[in-house]
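Student: I have a structure to look through. Can you show me how to read its features one at a time?

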Amino acid sequence: MFRFLGIQAKNRKEWGISHIGNFHSGTTTIALYDTLGEEASKYVIDQTELITVAMSGDLVPKMIKLKQDATANADRRMARLEHLITFDDVPKDVVTDGEACGINVININEVIAKGKDVIAKGGWKPTEPTRDDCPMFSYTSGTTGDPKGVMLTHGALCGTSASV
């Protein structure tokens, strides 16, 4: 059974922090990127049943609009999306728009603070990954149809790194 966290942002430290956090919690990263386009993004979000996406603040209103439009058009592909973790502060009206369509917008600093609190109380221990664990799905752009997901295991990533 997979647990997924979507991540969408240009290269920045919060992307890496989220991804490495996934390694240590047995969660698989689903990378979303601008070149996927809206339809492909909805396809990936639906296929992986994403509940949470961590992203840069400028993309939060776009993701909320994607869910609003999908809901208005009876498109169920965005129905499961409930949480957006923003790497930046966003205006209060964006948070309100999210709430109106069933999305909780939370800043990554709040997530980190809650995580530190849970760790301090002994409520979490890191997961030691195995070679067969899948830290990431990598999706193609879908130029010949829907995007195709490739499961990247720790073993494959380590083997590739060792061959360089």
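This is a predicted model: local features need pLDDT of at least 70, side-chain atom pairs count only at pLDDT 80 or more; totals for chains, interfaces and linings use all residues.

Student: What does Arg-12 form a salt bridge with?

Tutor: Side chains of opposite charge can pair when their charged atoms come close. Here Arg-12 pairs with Asp-88, with 2.9 Å between the closest N and O atoms. Arg-12 sits in the loop between strand 1 and helix 1, and Asp-88 in the loop between strand 4 and helix 4, so the pair ties together parts 76 residues apart in sequence. Asp-88 is partly exposed too, at 27%.

Student: How many salt bridges does the structure hold?

Tutor: The count is 11. One of them joins Lys-42 and Asp-75, at 3.6 Å from N to O. Lys-42 lies in helix 2 and Asp-75 in the loop between helix 3 and strand 4, so this pair links parts 33 residues apart in sequence. Both residues are buried. Asp-75 also meets Arg-77, at 2.7 Å. Shared partners join Glu-39, Lys-42, Asp-75 and Arg-77 into one network.

Student: Which way do strand 3 and strand 4 run, and how many bridges join them?

Tutor: They run parallel, joined by 4 bridges. Val-53 has Leu-84 as its bridge partner. With helix 3, the two strands make a right-handed β-α-β unit.

Student: Which residues form a nonpolar patch on the surface?

Tutor: Val-118, Ile-119 and Trp-124 do, with about 250 Å² of accessible area together. Trp-124 lies in the loop between helix 5 and strand 6.

Terms used
Residues are numbered from 1 along each chain as its sequence is written. Side-chain values use heavy atoms; hydrogens and water are left out. Two strands pair if DSSP finds at least two bridges between them. A crossover is right-handed if, with the strands pointing away from the viewer, the path from the first strand over the helix to the second runs clockwise. Patches are made of residues with over 30% relative accessible area and no salt bridge: like charges are joined within 9 Å, nonpolar side chains (Val, Leu, Ile, Met, Phe, Trp, Tyr) within 5 Å. Accessible areas come from the Shrake-Rupley method with a 1.4 Å probe; for residues, only the protein chains shown count as cover. A salt bridge is a side-chain nitrogen of Lys or Arg within 4 Å of a carboxyl oxygen of Asp or Glu. Buried means under 20% relative accessible area, exposed over 50%, partly exposed in between (1.4 Å probe, protein chains only).
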